[in-house]
Amino acid sequence: MAQGAGRTIRQAVGVAGLAVGVALFLSVAAMRHGFFDLQVYYGAIHHWVHDGGEVYDYLRPFTQYGFTYPPFAALVMLPMAYVSWTVAIVLSVSASVVVTLVLLWWLVDPISRRVGWTRWFALAVAFCLAAAYEPMRETVNFGQVNMLLLFLVAVDMLRLLPRGSRWAGTAIGLATAIKLTPGIFIVYLLVTGRWRAAVTAMGAAAGATLLAAALFPDASREFWTEALWNTNRVGELSFVSNQSLRGVVARLNPEQPSTVAWLVLVVAVLVLWAWRARSAAAAGDEATGLALTGVLMCLVSPVTWVHHLVWLLPALILLVDNAMAAPAGSRRRRRLLVAAGVAYAFLISRIVWAWERDFTGVDGFLGSNTYVWISLALLAFLPVRSAAGRAPAGAARPEQATDPVPVSYR
């Protein structure tokens with residue numbers, strides 16, 4: 001009992017020390033965006049509800065930024081019209097924190113059970129590390145919805161789909177109705193032959209979209225005919241924060257970025273993704289399917305701001321998962337842990353911003369696209385595991401902390 005209490009105290013002190021270290025790091029590294037995107041949402045909804053204007057006509061004062069999400073997203077955000085700005089901030093931050101904790105629990109708990117870590121300690125360490133992660137801190141500082149969308153997709157990919165639930169696909173459909181980019185997960189369901197879940201997802205997306213159209217016909221008409229196609233509302237494609245393949249191409253020639261080159265790159269990564277996603281589905285490795293498809297979404301989307309890269313979190317965690325499933329002291333374990341550590345170090349460093357004003361030359365090409373290179377590496381090399389290589393559904397057996405577990409690479 002005394003030994004267990006001592007271990008708990010040491011872990012609590014370790015978590016407290018890590019939390020202080022992360023807080024100090026954030027005080028230096030984190031940018032203060034003043035909940036910029038949340039201000040756009042809040043202002044657009046208030047303009048729509050209280051001022052009698054259309055939600056897509058609103059632009060944040062002195063900027064070209066306006067509400068860019070489908071009408072169903074406006075319906076979901078409608079309660080913001082009836083709360084104060086302070087309450088809106090509290091709700092935004094609280095929601096991101098809660099869903100992040102749940103998602104981390106789903107992804108980290110299998111690792112802790114396999115290797116015999118204390119489960120609360122593993123979650124606390126993972127949460128502290130996630131707080132330092134640049135896309136996560138940018139999501140919170142902007143007041144973005146990224147983690148909420150990732151959570152919705154994870155509900156399907158990690159909970160409903162593996163259990164064969166008849167409701168699998170519903171959350172993906174709702175996420176797609178809120179923001180179009182999660183629709184890539186419907187493509188994942190189709191490519192991997194999950195026909196019922198794909199139809200359910202499409203039905204949920206269509207139902208939510210039609211509901212919004214019935215309630216707000218003018219807003220729906222404006223979004224689908226005008227606002228969706230107005231790329232000026234999202235910013236410059238060549239801006240260094242755009243860590244997508246489109247951003248890479250745009251930074252090569254900001255005045256006339258090649259659409260053909262971009263489409264060739266998109267087709268290439270789609271082929272690679274389809275092969276790897278089908279391997280993950282065949283192995284029953286839905287977590288890797290989630291990770292690979294999240295990485296793909298960041299690569300092929302025309303605009304992937306740094307805060308959108310929260311979709312890389314599952315892949316980074318699964319690198320650690322695969323490492324810990326490999327034999328202790330093996331080259332595989334060391335290689336995967338180094339890969340995870342290096343990727344994480346770059347993704348907390350703000351390194352791409354060193355080329356914010358000048359991304360020309362070889363160093364500009366390599367450095368300003370650092371996060372894209374990491375995304376491509378994850379898409380190509382993230383291991384796919386057989387059922388034997390994944391943590392069991394129940395509590396870990398004592399021998400699981402030391403016995404090597406084979407990992408299948410596909």
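This is a predicted model: local features need pLDDT of at least 70, side-chain atom pairs count only at pLDDT 80 or more; totals for chains, interfaces and linings use all residues.
Let me begin with Arg32, which, once residues up to four places away in sequence are set aside, touches Leu26 and Ser27, where a contact means heavy atoms within 4.5 Å. Residues are numbered from 1 along each chain as its sequence is written, and side-chain values use heavy atoms, with hydrogens and water left out.

Arg32 sits in the loop between α1 (2–29) and α2 (36–49); helices here are DSSP runs of H or I with at least four residues, numbered from the N terminus. Is Arg32 buried or exposed? At 58% relative accessibility it counts as exposed, because the terms are set so that buried means under 20% relative accessible area, exposed over 50%, and partly exposed in between, using a 1.4 Å probe and protein chains only. A polar atom of the Arg32 side chain also lies 2.7 Å from the backbone oxygen of Ala30.

Another loop residue, Thr118, is placed between α4 (85–115) and α5 (119–132), and Thr118 is buried, with a relative accessible area of 18%. Apart from its neighbours within four places in sequence, Thr118 is in contact with Arg7 and Gln11.

Now to the salt bridges, of which the structure holds 8; the term means a side-chain nitrogen of Lys or Arg within 4 Å of a carboxyl oxygen of Asp or Glu. One of them joins Arg114 and Asp321, whose closest N and O atoms are 2.5 Å apart. Because Arg114 lies in helix α4 and Asp321 in helix α15 (residues 313–325), this pair ties together parts that are 207 residues apart in sequence. Arg114 is buried at 2% relative accessible area, and Asp321 is buried at 3%.

A further salt bridge pairs Glu286 with Arg194, with the closest N and O atoms 2.6 Å apart. It links distant parts of the chain, since Glu286 is in helix α14 (residues 286–300) and Arg194 is in the loop between α9 (184–191) and α10 (195–215), 92 residues apart. Both Glu286 and Arg194 are buried.

Finally, the side chains of Asp218 and Arg221 meet in a salt bridge at 3.0 Å, N to O, and both residues lie in helix α11 (residues 217–225), 3 residues apart, about one turn of the helix. Asp218 is partly exposed at 43% relative accessibility, and Arg221 is partly exposed with a relative accessible area of 49%.

Key
Helices (H or I, at least four residues) and strands (E, at least two) are DSSP runs, numbered from the N terminus. A polar contact is a pair of N or O atoms within 3.5 Å; within protein, one must be able to donate a hydrogen and the other to accept it, and residues adjacent in sequence count only if both atoms are side-chain atoms.
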